[in-house]
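The sequence and structure are shown first.

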Amino acid sequence: MSRPAPWRDVRVLRIAFQAAFLVAVGAFVLWIVDNTVGNLERRGIGTSFDFLDQPAGFRIPGSDFRTSQSIGDAILVGVETTIKVSALGIVLAFLLGVVVGVARLSPNWLVRRAAALYVESLRNVPVLAIIFFWYLAVILRLPTVEVAGLFVFSNRAFAVPNLTLEDGIGLFAVATAVALVAAAVAWRWRTRRFDATGEPHHRVLWGAGVLAAVLTVGFFVAGRPLGIDTPERLRFGFAGGLEMSPEFAGLLIALVLYTASHIAEVVRGSILAVQRGQGEAADALGLSPFQRLRFVVLPQAFRIMIPPLANHFLNLVKNSSLGVAIALPEVTRVVRIAISQRAPAPQSIVILMGIYLLFSLSIALVTNLVNRRLQLKGRG
Amino acid sequence: MTTSPLQEPIPVPEEGPPITQLGPREWVRQNLFRTWFDTALTVLFSLILAWVLYRAGRFVFVTGRWEIIDRNLTNLLVFRFPRDELWRVWTALFILAGTFGVAAGSAARARDRAVAEGRVAPAQSGLALRRFGPFLLLVAVLLYFAGSLSAFLLTTAVAAVALAARFAGYRVPPNRAGWGLAVGVLGLVAAFAAILGFGGVGWDRWGGLLLTVFLAVGGIAISFPIGVLLALGRRSTFPAVRVVCVGYIELIRGVPLITVLFMGAFMLGFFLPPGTETPSLETRALVALVVFTSAYVAEIVRGGLQSVPRGQIEAAYAVGLSPVRTTALIVLPQALRAVIPAMVGQFITLFKDTSLVAIIGLTELLGVSSIVTSQPDFLGQGLIFETLVFAAFVYWVGSYSMSRESQRLERRLGVGQR
């Protein structure tokens, strides 16, 4: 079999085209890099990443970061804040989103309407407007110190009661472990009993009861090792409790409310996507509405929910970068300050993007793992 | 034994489920007081809702200090735009009203024909009011704050042009859909030209709502072709092309918009050859928005490409079309039709996300609403509450109406039902 001439051979042409494409893309990237390096050097900025080791020269409010520490350390402090606000936000937004999403399908007309009002009003407003609103228009206009019982809401800080650990905590930790094991044993026993005889298992009641009993005994035996630290009013400001800066509280509240409105739609859509026959079958078996939701509909809906849900979690992490607009020292804000303190902008932004890419990749990884475990084992 | 002659089976009329019309008393019982728990919820939520509505109503009509909006309405809408050139914006509005009217008219004509042929159900009554209700409310609010006769007359004239164009559009022969598209694109271009061209005002002096709309419309219009190319590249049979496209899309989708905007604001000047003048901040923001959005558009278009059945491509090859012609004539038309609702969704996202350019110092709607509170007359009175509520309302009307329209489109195109 004779081969066609090289300029008419599809295999050769394919390779030639791809080579030409790569050369064109490479040339474009090189052109940009070359321009950037040239421009940076002409302005005497340089292209190295040495600046990370240089003293930052700025302080980060709300942390014990010193001005003599390096810019790299400052970025790490920012990453920590980003992780804190994202983790708290994801948990709270998920809980609120599931409640609102289920409420949108409630048989009660008023509940349905209220949930729809919440979703439609928040989903259609820019998240930055919501952040500004909570921070500038609500939190900063609170009185200077307002101690409302156990909680503090003020324009200087938010505080909630905090647990304190005292002597004997080691013994109490052992008691906690014992309590958990005992509760699990009680749970298993009730489940077996139910399987064997069919009498009502009440395993939630039993488990919780055993847990509470053992914990109470352990608490007093160990000599009351836990205390509650409530914020108290001082002459200026207050002290104690678990404290949050107003910026942190503002960003957290806004992100939770905004993301929950999107998660609610995901939850509603996933519940509707479960085949109707499943719910009807549960009704036919005589399950209560709660049992129908808990044992039949939600487990199936959850499987459908995971990919879009992960997407909204990722959006929350990315939206936490808007803390830069209200001066919350998360990683974007720290990099922004560093740039204004003469750190070279291109390198700083590349690092910033790399950090967020790392967040995205890790969330994608976790999602894929969960997804694979929960996927229906079909015939492929 | 007699054999009965073969009989045609008598067709049994199919019965749908019985339609139950509940009386008002029965409805209340079913929907509000089914169980004791339901009753408790109803009481609780009516208290909450009543309180929220009371507070909101009191704020809007009684305690809200709206003077700041009243005096800054032009700032919020166009900001630094030269006041003696405002007629250009009105001209653009007239052109857009005409364009939308023609489009709506020809769409209505097509729909009426479809209804007459029994292909779609006729529209419900009161739909028009529900569709345009939020928009009309916005216009009413703007006119209230403008409070001038000339603004009222001009708005009425714009509405009249839109109505007239709708009737003209209704007369367009329905098989000339290409004309409608051409008129739409021409209208947009003409509207931009009316403001920019003929010794007009460059977009570095635009602001407020005008800048918001410009960034959103310009961003999506430029992102669309780039996104289509990226999506095609991602599905290409050339591994090298695929790797480059996947790399770009995933890189951009993994980072927040604000970092891309920072790149535009701080780095774009460095990318250009030495000696080139750095483009204005508005242009750099637009470039960043396009870089960001085209990755998302690419993923949407990829979804559309995947929804085209494999048999379509095989059939095209079987009749002897080349790969390029197959993509252009067979795959893309079907794919792009399927992604229209998702593209509207992306446009809404972009419309809301343009507010982020306020962080890099541009004065679009959200930016203006936070800086007008530092005017000497309004300083330190906490008026940010009022301005933010106003800005949020404008954003809400835009994205709520568009999302309702995209849901309607989705139902009409039957996406996801095939």
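Helices α8(A) and α9(A) are roughly antiparallel to each other, because an angle over 145 degrees counts as such. Their axes come within 10 Å and cross at roughly 165 degrees; axes are lines fitted to C-alpha atoms, for helices over the stretch in contact, and angles run from 0 to 180 degrees between N-to-C directions. Helix α8(A) spans residues 276-284 and α9(A) residues 289-319, where helices are DSSP runs (H or I, at least four residues) numbered from the N terminus.

This is a predicted model, in which local features need pLDDT of at least 70 and side-chain atom pairs count only at pLDDT 80 or more, while totals for chains, interfaces and linings use all residues. Residues are numbered from 1 along each chain as its sequence is written, and chains are lettered from A and ligands numbered from 1 in the order in which they are written.

Helix α9(A) also packs with α11(A), residues 345-374, their axes coming within 10 Å and crossing at roughly 165 degrees. These two helices are therefore likewise roughly antiparallel. Residues in this contact (C-beta atoms, placed from the backbone, within 7 Å) include Ile306(A) and Phe313(A) of α9(A), and Phe359(A) and Ile363(A) of α11(A).

Between the chains, the contact takes 45 residues from chain B and 47 residues from chain A. On the side of chain B that touches chain A, α16(B) gives the largest share, 10 residues. Among the elements giving two or more residues to that side are α2 (36-63) and α16 (384-413) of chain B.

Terms used:
Parallel < 35°, antiparallel > 145°, perpendicular 65-115°, else oblique. Contact = placed C-beta atoms within 7 Å.
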